[in-house]
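Open the structure in your viewer and keep the selection tool at hand. This tour says what to select next and what is there.

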Amino acid sequence: MPREVELKSVVHDEAGCRRRVENAGAHVVFQGRLEDRRYDTNDRRITASDEMLRVRTYASDADVRATLEWKGPSRVEDGYKVRDEII
């Protein structure tokens with residue numbers, strides 16, 4: 001099952017950081033607007049189980065597409081937040 005490994009950080013020099021990441025071999029796969037809509041039961045059972053069900057919409061100048069995503073309970077591995085996910 002695919003996993004999401006999450007790391008959030010403050011970036012003071014976006015252009016410099018992007019250049020270093022791209023120089024290391026990364027490339028942009030999406031540039032545009034993301035919109036998330038989370039879904040739950042009336043009694044918030046999904047949230048209470050530390051899971052998430054959402055529709056994520058990707059909107060760019062070229063097109064709009066959406067995915068239905070499930071994320072399992074989070075855990076910490078080697079200092080990073082990790083979740084199983086189905087997209």
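**Before you start**

This is a predicted model, in which local features need pLDDT of at least 70, side-chain atom pairs count only at pLDDT 80 or more, and totals for chains, interfaces and linings use all residues. Residues are numbered from 1 along each chain as its sequence is written, and side-chain values use heavy atoms, with hydrogens and water left out.

**Stop 1: Arg-3 and Glu-77**

Select Arg-3 and Glu-77. They form a salt bridge, with the closest N and O atoms 2.5 Å apart. (A salt bridge is a side-chain nitrogen of Lys or Arg within 4 Å of a carboxyl oxygen of Asp or Glu.) Which parts of the chain does the pair tie together? Arg-3 lies in strand β1 (residues 3-6) and Glu-77 in strand β5 (residues 75-77), so the bridge joins parts that are 74 residues apart in sequence. Helices (H or I, at least four residues) and strands (E, at least two) are DSSP runs, numbered from the N terminus.

Now colour by accessibility. Arg-3 is partly exposed, at 42% relative accessibility. Glu-77 is partly exposed too, with a relative accessible area of 27%. The classes are these: buried is under 20% relative accessible area, exposed is over 50%, and partly exposed is in between (1.4 Å probe, protein chains only).

Arg-3, Arg-75, Glu-77 and Asp-84 are linked in a network of salt bridges.

**Stop 2: two more bridges**

The structure holds 13 salt bridges. Select Arg-37 and Glu-35 for another one. Their side chains meet at 3.1 Å, N to O, in a salt bridge. Glu-35 is partly exposed, at 32% relative accessibility.

Next, pick Arg-45 and Asp-43. This salt bridge spans 3.6 Å, N to O. Are these two residues buried or exposed? Both Arg-45 and Asp-43 are exposed.

**Stop 3: a nonpolar patch**

Show the surface and select Val-5, Leu-7 and Tyr-80. They make a nonpolar surface patch of about 310 Å². Patches are made of residues with over 30% relative accessible area and no salt bridge; like charges are joined within 9 Å, and nonpolar side chains (Val, Leu, Ile, Met, Phe, Trp, Tyr) within 5 Å. Accessible areas come from the Shrake-Rupley method with a 1.4 Å probe; for residues, only the protein chains shown count as cover.

Stay on Tyr-80. It lies in strand β6 (residues 80-86). Tyr-80 is partly exposed, with a relative accessible area of 38%. Now draw a line from Tyr-80 to Val-29. The two are 51 residues apart in sequence and 23 Å apart in space, C-alpha to C-alpha.

**Stop 4: the largest pocket**

Which residues line the largest pocket? Select Val-29, Phe-30, Leu-34, Arg-56 and Tyr-58. The pocket has a volume of about 230 Å³. By class, its lining has four nonpolar, no polar and one charged residues. Ala, Val, Leu, Ile, Met, Phe, Trp, Tyr, Cys and Pro count as nonpolar, Asp, Glu, Lys and Arg as charged, and the others, Gly among them, as polar.

A pocket is an open set of points on a 1 Å grid over the protein atoms alone, where a 1.4 Å probe fits, with protein on both sides within 12 Å along at least five of seven lines; lining residues have an atom within 4 Å of a point.

**Stop 5: loops**

Go to Asp-40, in the loop between β2 (33-39) and α2 (45-48). Asp-40 is partly exposed, at 29% relative accessibility. Its C-alpha atom is 7.1 Å from that of Leu-53, 13 residues apart along the chain.

Move to Asp-50, in the loop between α2 and β3 (52-59). Its phi is near 60°, a positive value in a residue other than glycine. Most residues other than glycine have a negative phi. Asp-78 has a positive phi as well, near 55°. Find Asp-78 in the loop between β5 and β6. Asp-78 is exposed, at 78% relative accessibility.

Finish at Ser-60, in the loop between β3 and β4 (64-71). Ser-60 is partly exposed, at 25% relative accessibility. The C-alpha atoms of Ser-60 and His-12, 48 residues apart along the chain, are separated by 25 Å.

How values were computed
Points joined across faces, edges and corners; volume = space filled by probe spheres on them.
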